[in-house]
Amino acid sequence: MRISFLLLTASLCALVLLLTPASEGCGPGRGYGKRRANKKLTPLAYKQFSPNVAEKTLGASGRPEGKITRNSERFKELTPNYNTDIIFKDEENTGADRLMTQRCKDKLNSLAISVMNMWPGVKLRVTEGWDEDGHHSEDSLHYEGRAVDITTSDRDRNKYAMLARLAVEAGFDWVYYESKAHIHCSVKSEHSVAAKTGGCFPGDAQVILEGGTTKEIRDLHPGDRVLASAATDGHGPLLYSPVLSFLDWQPNVTKIFYVIGTAAGLNITLTAAHLIFIKDSNCAEGREETGEGSFLGPIEEVGTNWAGVAGLRTVFASEVQPGQCVLMTKGRVGSQAKLSAVTHVEVQRGSGLYAPLTQHGSIVVNGVLASCYAAVDKHHLAHWVLAPLRFFYSLMGPSEPQTEGLHWYPRLLQRLGQMLLDAGHFHPYGFEQGH
């Protein structure tokens with residue numbers, strides 16, 4: 001056991017040195033053995049937004065959750081901002097522009113400091129905050145206190161491009177150089193920030209055990225053998241892979257999950273940041289099975305020639321779109337998975353968070369092949385950096401979850417990854433709040 005622990009420790013040390021590909025060490029950013037240079041701030045161009053996605057997507061501020069009025073239950077989510085370093089226009093004379101969510105308030109206060117540091121004697125000015133009068137589009141985040149329109153106190157429009165950049169650096173989830181007269185900024189909802197969950201399945205998700213029986217994932221134990229793909233990239237035949245441990249195990253929580261429905265009639269439910277194997281188009285690559293006794297119903301046979309399945313890759317569950325294809329299986333060892341078109345993607349609450357780790361890095365859940373990994377955008381990278389843990393458990397034997405929550409090894413990898421990799425490699429909901 002002592003030798004195995006030393007091997008795992010040595011592997012972790014090597015991981016720190018090898019986690020970042022050589023190409024990532026060549027560009028600008030944090031280097032080794034050098035003092036970190038001051039970051040150069042690049043002003044936003046007119047009509048540019050950051051990040052470069054639509055405002056109401058997961059990668060930015062997320063979906064609207066409905067208008068907040070003074071009489072609604074959610075009005076208590078808004079908090080007034082009395083920061084004297086910020087000028088509030090408040091043209092309605094109701095104090096509405098001062099009301100915002102706590103997250104918006106925190107980012108705005110941070111930006112106010114940056115503005116004074118950048119332009120001594122100049123303050124941040126808010127022209128629009130929470131809107132209770134219907135002056136914006138139907139689904140505007142102004143109605144939820146999650147958006148502000150800002151200028152500088154001297155109203156010098158030559159400063160607005162840099163003001164937008166400062167807003168990005170202050171941590172706003174979406175910044176838009178919307179007009180020559182102001183910058184628009186918005187944040188995620190308090191609920192979505194609290195809903196960061198890493199990557200897991202709900203407790204009632206089903207896996208296929210050796211022998212063909214099914215079991216809910218909440219009842220799964222290390223040592224059980226479950227259906228998975230023989231190949232790291234999902235291309236191989238199916239086999240039963242031993243469950244080594246759980247990367248996350250939280251039986252008593254309720255979280256938000258994505259439900260991916262298929263033409264075969266089966267749904268897989270998983271968190272936004274979990275990886276799943278998909279193909280972008282052309283699900284009908286072979287013959288259609290509709291014979292009686294089919295485990296999944298009508299699905300498309302891929303067959304043994306995997307060279308014909310171009311573009312098979314992993315994506316985050318929140319990125320899956322109708323019309324793409326996922327890999328399905330009847331549950332027979334040695335058979336190939338089949339393609340089935342995604343018909344819908346929905347969001348729902350579910351109980352429990354479970355992330356089993358198999359020897360082969362994949363798992364069939366509700367008849368759909370998924371990765372065991374989450375948060376980082378590359379399945380093969382996650383599989384590689386978790387090799388020391390899989391090696392450890394292959395020597396020592398499977399391990400029951402020791403405590404509730406995230407396993408210490410992926411927790412360490414998250415911290416290393418955030419230091420060594422660009423933020424673009426990670427899902428915005430990939431790290432649970434507090435981890």
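This is a predicted model: local features need pLDDT of at least 70, side-chain atom pairs count only at pLDDT 80 or more; totals for chains, interfaces and linings use all residues.
Residues are numbered from 1 along each chain as its sequence is written, and side-chain values use heavy atoms, with hydrogens and water left out.

Strands (E, at least two residues) and helices (H or I, at least four) are DSSP runs numbered from the N terminus. Two strands are taken to pair if DSSP finds at least two bridges between them. Strand 18 (residues 325-328) is joined by two bridges to strand 14 (residues 274-279), and the two run antiparallel. Strand 18 also pairs with strand 19 (residues 338-358), in the antiparallel sense, over four bridges. Within that pairing, serine 340 of strand 19 is the bridge partner of valine 326. Accessibility is classed as buried (under 20% relative accessible area), exposed (over 50%) or partly exposed (in between), with a 1.4 Å probe and protein chains only. Both faces of strand 18 are covered: Cys325 and Leu327 are buried on one side, and Val326 and Met328 are buried on the other.

An open sheet of six strands shows mixed pairing, with the order 1-7-8-6-5-3. Its edge strands, each pairing on one side only, are strand 1 (49-50) and strand 3 (86-88). Strand 1 runs antiparallel to strand 7 (residues 174-179), to which two bridges join it. Phenylalanine 49 has tyrosine 176 in strand 7 as its bridge partner.

Aromatic pairs were defined for rings of Phe, Tyr and Trp (its six-membered ring) with centres within 6.5 Å; planes under 30 degrees apart count as stacked, over 60 as edge-to-face and the rest as tilted. Six such pairs are found in a search of the whole structure. Phenylalanine 49 and tyrosine 176 form an edge-to-face pair, with 5.7 Å centre to centre and 80° between the planes. This pair links distant parts of the chain, 127 residues apart, with phenylalanine 49 in strand 1 and tyrosine 176 in strand 7. Phenylalanine 49 is partly exposed, at 27% relative accessibility, while tyrosine 176 is buried at 16%. Phenylalanine 75 and tryptophan 130 form a tilted pair, at 5.6 Å centre to centre and 55° between the planes. Phenylalanine 75 lies in the loop between strand 1 and strand 2 (79-80), and tryptophan 130 in the loop between strand 5 (124-128) and strand 6 (147-152), so the pair ties together parts 55 residues apart in sequence. Phenylalanine 75 is partly exposed at 23% relative accessibility, and tryptophan 130 is buried at 1%. Ring pairs also link Phe49, Trp174 and Tyr176 into a cluster.

A charge is assigned to a ring face if NZ of Lys or CZ of Arg is within 6 Å of the ring centre and within 35 degrees of the ring normal. Lysine 67 lies over the face of tyrosine 143, at 4.4 Å from the ring centre. Lysine 180 lies over the face of tyrosine 46, at 4.2 Å from the ring centre.

Histidine 182 lies in strand 8 (residues 182-186) and is buried, with a relative accessibility of 15%. Polar contacts are pairs of N or O atoms within 3.5 Å; within protein, one must be able to donate a hydrogen and the other to accept it, and residues adjacent in sequence count only if both atoms are side-chain atoms. The side chain of histidine 182 makes polar contacts with the side chains of glutamate 178, at 2.9 Å, and serine 179, at 3.3 Å.
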